[in-house]
Structures are given as C-alpha cells and as structure tokens.
Amino acid sequence: MTKERLSEIRAAEKQSHEEIYSSTELFKEGSWLQKPVKTVLDILPLLTEKEYINILDLGCGIGRNCIPIAETFINNCNIDCVDILDLAIEKLYQNAELHKVKDNINGIVSTIEDFDIKPCSYDLIIAVSALEHVCSESAFTEKLNEIKNGLKPEGIVCLIINSNVTETNKNNGELLQPHFEVNLTSDKLTNILNDTFNNFIKLKETKIKQQYDIPRLDKTVSLSTDVITLVAKKQNNN
Ligand SMILES: C[S@@+](CC[C@H](N)C(=O)[O-])C[C@H]1O[C@@H](n2cnc3c(N)ncnc32)[C@H](O)[C@@H]1O
C-alpha cells in the first residue's frame, strides 16, 4: 500500500471514529458502542482464579470491552489500552471515571504497530476490529507473533478480525477500495492465525459473514465482511 493511500484511509477512519466517539454515549442503545462484545465477556470466567490479571486491549476505542472487564476485576487488574486516537483515550478515561474503574485503566495513545508488547507480560490480550488497521501485512504478522510471545503461560488471546472486505457505493453500485489497511482473504487469515497460534488450545474459532451500511461523507457504503474470531489459550510449555 502506498503512503498516500495509508494516509487517506487513516484520515477517513479518524474522521468517522471521532464523529461517533464525540456524539455517542458508551453503552447507549443505537450504535455498535451499545454493548460489549459477548465473546470477550465469555472469557472472563476463565480468569477468576488468578490473583492479579494483566490485560492488553489493542485498538481499545472508548472502552466498550475494557471497562466491563475492569468492572469484573476491579480489585485485581490492570488494563493497558492502546488507541491511535487522542480522542479515544480521552473518552476512555472519562468513561472509566464514570464507571469507577479509572485506577484499572492505563490509556496509551499509540499505533498498535508502534506499541511494543513485552514478552510474557499479559494474562489476556484482546483486539476487536483493530488489528486489520495496522499499516501493512508484515506489521500484522509481526504483531501476531508479539501477541503470542506477550502472553504468559495459560494466557488467553481474543482476536476479532475482518477479512474478505468489500465496500460498494450504495448510490450507484460502484465497487470502492475498502478502508482497511490489511484486507486478507479469510483463508489466508485463518492460515496465518493457525500457524501463529498452532500450539495454543483453541477455545473458539468462527467465521461469520456480515453486511452493513456505513455513512461516508457524500455517500452510503455497503460493507461486506467475513468476521474471523479466534479465542485461544497458551499452553504451559509454549
Ligand atoms: C472499530 S473500532 C473498535 C474499538 C474497540 N476495539 C471496540 O470494540 O469498541 C477500531 C479502533 O481501533 C483504532 N485504531 C485504528 N487503527 C489503529 C492503529 N493502527 N493503531 C491503534 N489503534 C487503531 C481506532 O481509532 C478505533 O478506536
């Protein structure tokens, strides 16, 4: 992808995220921010035995998933929350304050690709609709390896990634260039995930087709995607 195309996608994504983050209340009905992702919540019972829980949320947004996690483990967790947008982290702290979990949240303004995941640091790493926005396919595979190494033994990874994305202008049927920095076929993505996490115990693996409309400047875009979910646990000997 050219530098110009990357800047174009990032500017458009910044605009659309800033619009929704500044106009929408977290957990209020009517948008994708209305509730946490069930796949993430379903993992939490698996962590209850731990004395202290270190968590990483890559592309955290305004806290849709990390705030409910912090509420669940308010006495024994820290969550490093990474997002490219200042506004996301600003709103994340406001929401954390509102939900009384500010002490559990460590907001970091950074790209995912520039955030260095230290080996053997986390009990849970989540990335919901975020990893496909790193700057290149090589940055994507590098980050997956960092995630694998960044988990402690028995640590859990939860990835939700769009693949096979197509975008169409609803007004005239024109096929558009998707606003995704990394847009792998679902087969390729599944193979990369299987290779990277081959020694992990798989807890959930799904591929779900989704289609929805998104407003963009002068047009409505119909987006079609195969959403790949992987939840997997690192084995003790990994
Ligand atoms: C679709 S939103 C999902 C937010 C959150 N994970 C959730 O489920 O509510 C994607 C988020 O990733 C952030 N993002 C996009 N590209 C990024 C990058 N390269 N590095 C860090 N964050 C990024 C966006 O600013 C946005 O907040």
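The questions and answers below go through some local features of a predicted model.

Residues are numbered from 1 along each chain as its sequence is written, and side-chain values use heavy atoms, with hydrogens and water left out. Local features need pLDDT of at least 70 and side-chain atom pairs count only at pLDDT 80 or more, while totals for chains, interfaces and linings use all residues.

Colleague: At roughly what angle do the axes of helix 5 and helix 6 cross?

Modeller: Helices (H or I, at least four residues) and strands (E, at least two) are DSSP runs, numbered from the N terminus. Axes are lines fitted to C-alpha atoms, for helices over the stretch in contact, and angles run from 0 to 180 degrees between N-to-C directions. The axes of helix 5 (residues 137-150) and helix 6 (residues 186-196) come within 10 Å, and the crossing is at roughly 35°.

Colleague: How do the residues of the contact of helix 5 with helix 6 divide into nonpolar, polar and charged?

Modeller: Contact means heavy atoms within 4.5 Å. Helix 5 contributes residues including Phe-140 and Leu-144, and helix 6 contributes residues including Leu-189 and Ile-192. Ala, Val, Leu, Ile, Met, Phe, Trp, Tyr, Cys and Pro count as nonpolar, Asp, Glu, Lys and Arg as charged, and the others, Gly among them, as polar. The division is 5 nonpolar, 3 polar and 3 charged.

Colleague: Over how many bridges does strand 7 pair with strand 8?

Modeller: Two strands pair if DSSP finds at least two bridges between them. Strand 7 and strand 8 form a hairpin with 2 residues between them, and Leu-217 in the turn has a positive phi of about 40°. Strand 7 (residues 201-216) runs antiparallel to strand 8, and the pairing extends over 15 bridges.

Colleague: Which residues is Glu-13 in contact with, leaving aside neighbours within four places in sequence?

Modeller: Glu-13 belongs to helix 1 (residues 3-23). Its relative accessibility is 15%, so Glu-13 counts as buried. With those neighbours left aside, the contacts of Glu-13 are His-133, His-179 and Arg-216.

Methods
Buried < 20%, exposed > 50% of the residue type's maximum accessible area, 1.4 Å probe, protein only.
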